[in-house]
Amino acid sequence: MPDTRAAAIVLAAGKGTRMKSSHPKVMHRIAGRTLIGHVLDNLAPLDLARVVAVVAPGMDDVTQEVAPHGVAFQTEQRGTGHAVGCARSALADFTGDILVVYGDTPFVSTATLRRMFERRHASDDPAIVVLGMRPVDPSGYGRLVLGADGMLDRIVEHKDATDAERAIGLANSGVMVIDGSVVWSLIDRLDNKNAKGEFYLTDIVALARRDGRRCAVVEAPAEELLGVNSRSELAAAEALFQTRRRMAVMENGATLIDPASVFFAADTRVGRDVVIGPNVQFGPGVEIADNVEIRAFCHIEGARIESGAIVGPFARIRPRTTIGAGAHVGNFIELKATEFGAGAKANHVSYLGDSTIGAKANIGAGTIVCNYDGVNKSRTTIGAGSFIGSDSVIVSPVTVGDGAYVAAGSVITRDVPPDALAVARGQQVDKPGWASRFRARSKKKD
Ligand code: UD1
Ligand code: MG
């Protein structure tokens with residue numbers, strides 16, 4: 001069980017220079033969610049007493065992103081130990097354990113963090129539990145120097161390490177759980193006499209050992225501890241996330257015909273016996289019930305799709321849309337903020353925005369709901385069981401009654417009563433023999 005009295009400090013003041021971005025590094029996204037958002041998601045089940053993100057002044061978007069959690073400011077980047085110290089006043093009345101994580105290391109799992117808390121509360125009472133990893137190439141990372149008893153003696157940064165220390169494969173991930181009763185006295189004693197001239201958080205291990213306390217290591221796969229420092233590392237993290245999520249979706253009972261071409265958002269929910277075709281992308285906020293078929297080349301965000309619906313190929317489903325049970329949304333259909341009723345059909349080339357489409361309505365090819373007059377958006381309701389003829393334009397706000405017909409090619413600007421036929425187009429005029437007269441008249445004279 002995690003210690004519910006623990007607090008977490010998320011270090012996020014780093015500029016992330018290598019991202020070459022005007023946004024803070026932790027605001028870059030994987031599967032539609034910010035790096036720091038992933039970190040907070042993984043912390044959430046731990047039921048921590050408090051979470052504080054350490055940010056640099058001016059990182060207002062990070063402050064917003066972590067709300068309702070609080071932030072502490074680090075005005076000058078003087079190292080990870082100094083950054084932790086900046087959170088002290090935000091945790092002034094707090095005595096529980098302190099978990100330190102990085103805002104740019106998005107995949108540290110809740111299960112791993114729980115293992116760290118368990119180790120911290122083992123009978124030998126280690127003052128610090130450090131999360132270690134064995135990367136293929138550990139150069140650049142701090143190395144974990146173990147004593148003869150297998151416990152952690154100290155952490156040496158790569159730049160300060162001897163050749164023998166650099167040969168150690170066990171590296172520091174940066175994640176730590178620290179006994180809350182000693183954390184500030186350890187931080188107070190840090191100095192910056194090292195290769196980088198920074199206050200290293202890692203030095204608290206040697207300090208705790210000097211105080212006669214034990215320190216322990218918990219290991220996790222290096223993959224889980226992947227940090228994002230550049231655009232290519234961001235892409236690698238995205239790829240890793242997608243691979244795992246595709247596996248999870250399939251394990252949960254959905255079929256992905258070509259898994260590598262389907263992209264999920266961090267919060268996509270997919271039911272059982274869902275079939276997803278190739279080249280489908282999900283934005284945030286999508287929930288797909290059981291037995292839904294998403295055909296190739298769809299882009300779907302902010303939508304709930306009910307059981308048995310068929311969507312695509314080539315459909316674009318935009319936020320605040322629901323697609324009812326058994327509905328069909330076919331090729332080149334765009335739905336926005338639309339409640340598309342159960343069993344309704346729109347199979348060919350339509351835009352339906354800010355509309356309510358009743359159950360079993362049939363929306364003909366090329367139907368457009370004009371929801372925007374250049375200033376305001378308005379809503380349209382198309383009744384249950386109605387039939388909208390092809391190439392109709394429905395100018396919002398308008399209500400087409402239940403069971404009504406709209407003739408093909410109509411421009412509907414007034415409400416249509418239930419069960420009526422509305423025809424709103426130019427009348428057809430036939431002129432017998434006109435064509436041959438025309439041809440004779442216009443014959444080329446040479
Ligand atoms: C740190 C560890 C190193 C470990 C590595 C894992 C120290 C001294 N070293 O090194 O042992 O192997 O992470 O990736 O801790 N940050 C601040 N303020 C600062 C400095 C850093 O908020 O003044 C934040 C950064 O935004 C980042 C995290 O702390 O999220 C780590 O900082 P970084 O400079 O990347 O540390 P490393 O040198 O990589
Ligand atoms: Mg780093």
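Predicted model: local features only at pLDDT ≥ 70, side-chain atom pairs only at ≥ 80, totals over all residues.
1. Let's start with the ligand.

2. Where does ligand 1 sit? Its place is the largest pocket.

3. Now for some polar contacts you can find yourself. A backbone N or O atom of Gly79 is 2.9 Å from an oxygen atom of ligand 1, and a polar backbone atom of Arg78 is 3.3 Å from a ligand oxygen. Tyr102 takes part through its side chain, where an N or O atom lies 3.1 Å from an oxygen atom of ligand 1. As for the ligand's surface, it has 750 Å² of accessible area on its own, and the protein covers 84% of that.

4. A word on confidence, which is worth checking in any model. The mean pLDDT of the protein is 96, with 99% of its residues at 70 or more. Which helix has the lowest confidence, and which strand the highest? The lowest is in helix H9 (residues 434–441), with a mean of 95, while the highest is in strand E15 (residues 275–276), at 99.

5. Next, look at the backbone. Most peptide bonds are trans, and most residues other than glycine have a negative phi.

6. The peptide bond from Gly312 to Pro313 is cis, with omega near 5°. You will find Pro313 in the loop between strand E21 (310–311) and strand E22 (316–317). Ser396 and Pro397 are also joined by a cis peptide bond, with omega about 0°, and Pro397 belongs to the loop between strand E32 (393–395) and strand E33 (399–400).

7. Finally, visit Asp125. This residue is not a glycine, yet its phi is positive, near 50°. Asp125 is located in the loop that runs between helix H4 (110–120) and strand E7 (128–133).

Terms used: Residues numbered from 1 in each chain as written. Chains lettered and ligands numbered in written order. Heavy atoms only, no water. Polar contact = N/O pair within 3.5 Å; in protein donor to acceptor, adjacent residues only side chain to side chain. Areas by Shrake-Rupley, 256 points an atom, 1.4 Å probe, with all protein chains shown as cover. 1 Å grid on protein atoms, 1.4 Å probe; cavity = no way out; pocket = protein on both sides within 12 Å on 5 of 7 lines; lining within 4 Å. Sits in = over half its atoms within 2 Å of the grid points. pLDDT = per-residue confidence, 0-100. Helix = DSSP H or I, 4+ residues; strand = E, 2+ residues; numbered from the N terminus.
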